[in-house]
Amino acid sequence: MTAAGPAAVRPSDRQVAWQRLEFYGFLHFGMNTMTNREWGEGHDDPALFDPADLDADQWVAALKSAGMTGVILTCKHHDGFCLWPSEVTKYTVAASPWRAGLGDVVAEVAEAARRHGLKFGVYLSPWDRTEASYGTGTSYDDFYVAQLTELLTRYGPVFSVWLDGANGEGPNGKRQHYDWERYYAVVRRLQPDAVINVCGPDVRWCGNEAGETRPDEWSVVPRTLRDAERTADRSQRVDDGEFARLVRSDDRDLGSRAALAGQTDLVWYPAEVNTSIRPGWFHHPAEDGAVRAADELFDIYLHAVGGNSCFLLNVPPARDGRLTAADVAALERLGHRIADFRSRRVGADVTVTSGTAGDLVTAWPAPGRTPWEPDPADQRPAVTLHFPGPRRIEAVVLGEDITRGQRIEHVAVRGRRYGAWTTLAEANAVGYQRILRFAPAEAEAVLIEVTAARDTPVVSHAAAIGATS
């Protein structure tokens with residue numbers, strides 16, 4: 001394998017659109033919320049589902065206040081209870097007293113998302129602890145495809161279909177072997193612009209639920225990582241309360257030149273970092289005092305969105321159908337932190353070692369329309385940001401035009417003060433976006449130099465961020 005091999009791998013249009021969303025929300029809500037469980041066992045009385053004040057607009061508005069661009073709803077979790085009136089099972093909101101049996105949570109969230117300008121996505125658990133056909137093979141696949149079809153045809157455009165890897169026994173004591181390719185074909189036919197996450201071919205699970213990001217995240221990886229059964233094997237197997245904060249030390253490097261040595265079948269399979277704002281994924285009153293602080297969430301955001309990943313943050317509504325005040329406040333504070341970070345971009349003139357700079361310094365936080373591509377003969381391509389005067393800076397934001405692949409293998413950031421250059425930060429993978437943070441430093445200019453690449457780098461944006469003090 002030559003370096004040109006991985007450099008030639010490209011994302012699909014749907015993967016590019018997904019990556020540009022950067023940050024979106026998860027809403028875990030359902031029968032488990034009513035029973036105070038994480039993994040319900042199924043067969044709970046539908047009468048238990050009766051949220052007194054369900055307000056999807058409050059949910060979506062709170063997510064938007066944090067800077068999120070989309071929302072994914074757990075339309076059916078492992079217990080099998082459906083938040084929409086499915087025609088293939090009686091275990092749905094139609095059998096509950098909520099909205100006199102006429103309600104549809106999926107519709108309410110999809111409509112609220114549209115009103116607030118957020119994309120809408122669906123989570124449909126392959127594992128179903130209520131459905132009698134689970135574990136019978138094709139019969140259950142037929143059932144699952146019918147539910148998938150309902151979700152993908154009734155609620156407008158869907159940006160993501162989130163397929164969980166958790167897989168256990170059904171009510172008949174059997175384990176189902178999912179027909180993943182059939183599921184994917186249904187999504188492609190009914191929602192061709194939707195990415196299929198986790199146990200799917202478009203978006204890769206980062207490998208933990210703690211919000212941990214790899215030191216270097218590569219989007220070009222061996223095709224073997226797309227194996228849904230491999231993902232399922234590494235997913236949560238028991239409801240023990242420990243998996244959500246577990247970070248394994250293996251698989252730290254999935255796509256460096258060394259990791260890809262000898263690999264010839266490569267794919268574009270970017271990472272999603274997912275975690276919950278609380279210890280659990282569903283709301284539990286006992287955890288109302290354990291909501292993550294905005295500072296912690298902001299740090300996860302910078303590592304994920306600034307580490308060539310998208311960030312999926314779960315915020316679970318309470319039993320009454322509303323997000324708690326603590327969750328709403330944390331989201332709002334997080335949104336202020338993100339907006340403040342973006343507002344501190346330092347104005348600069350730009351020079352490049354070769355080629356034309358395009359709109360590099362004005363592109364962030366939106367992708368650049370005219371990326372910078374240095375001359376192929378340029379052995380040390382670099383961008384220099386020249387400030388009007390000395391500025392105290394604490395981060396540099398850099399992104400590649402991923403429609404041309406992921407090419408940068410090492411980048412160094414240096415600051416100039418009194419004519420001397422000092423190294424501020426270094427990184428290997430860049431990809432869609434890398435946020436390099438460092439101790440605040442005074443600088444008159446910043447040099448961003450690509451010191452190793454798989455092919456001529458194509459840079460979409462570059463920005464320096466001023467320090468807060």
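**View 1. Asp299 lies in helix 9.** Helices (H or I, at least four residues) and strands (E, at least two) are DSSP runs, numbered from the N terminus. The model is predicted: local features need pLDDT of at least 70, side-chain atom pairs count only at pLDDT 80 or more, and totals for chains, interfaces and linings use all residues. Residues are numbered from 1 along each chain as its sequence is written, and side-chain values use heavy atoms, with hydrogens and water left out. Asp299 counts as partly exposed because its relative accessibility is 32%. The cut-offs are under 20% relative accessible area for buried, over 50% for exposed, and partly exposed in between (1.4 Å probe, protein chains only). Asp53 is 246 residues from Asp299 in sequence and 33 Å from Asp299 in space, C-alpha to C-alpha.

**View 2. Ala294 also lies in helix 9.** Ala294 has a relative accessible area of 7%, so this residue is buried. Ala294 touches Ala330, Arg333 and Leu334, with residues up to four places away in sequence not counted. Contact here means heavy atoms within 4.5 Å. Ala294 and Leu331 are 37 residues apart along the chain, and their C-alpha atoms are separated by 7.0 Å.

**View 3. Helix 9 (residues 294-305) and helix 10 (residues 325-343) cross at roughly 50 degrees.** Their axes come within 9 Å. Axes are lines fitted to C-alpha atoms, for helices over the stretch in contact, and angles run from 0 to 180 degrees between N-to-C directions. Helix 9 is therefore oblique to helix 10. Angles under 35 degrees count as roughly parallel, over 145 as roughly antiparallel, 65 to 115 as roughly perpendicular, and the rest as oblique. The crossing of helix 9 past helix 10 is right-handed, a term used if the near helix is turned clockwise from the far one by less than a right angle. From helix 9, the contact involves Ala294, Asp295, Leu297, Phe298, Tyr301 and Leu302. Helix 10 contributes Ala330, Arg333, Leu334, Arg337, Ile338, Phe341 and Arg342.

**View 4. An open sheet of 8 strands runs in the order 5-4-3-2-1-10-9-6.** The pairing is parallel. Two strands pair if DSSP finds at least two bridges between them. Strand 5 (195-198) and strand 6 are the edge strands, each pairing on one side only. Helix 6 (residues 138-154) packs on the sheet and touches strand 2 (70-76), strand 3 (119-124) and strand 4 (160-163). The direction of helix 6 makes about 165 degrees with that of strand 3.

**View 5. Strand 10 (residues 309-314) pairs with strand 1 (residues 23-27) in the parallel sense over 4 bridges.** Tyr24 has Leu312 as its bridge partner in strand 10. Strand 9 (residues 271-276) also pairs with strand 10 in the parallel sense, over 6 bridges. Here Phe311 of strand 10 is the bridge partner of Val273.

**View 6. Glu209 lies in the loop between strand 6 (204-205) and strand 7 (220-222).** Glu209 counts as buried because its relative accessibility is 12%. The side chains of Glu209 and Trp281 make a polar contact (3.1 Å). Such a contact is a pair of N or O atoms within 3.5 Å; within protein, one must be able to donate a hydrogen and the other to accept it, and residues adjacent in sequence count only if both atoms are side-chain atoms.
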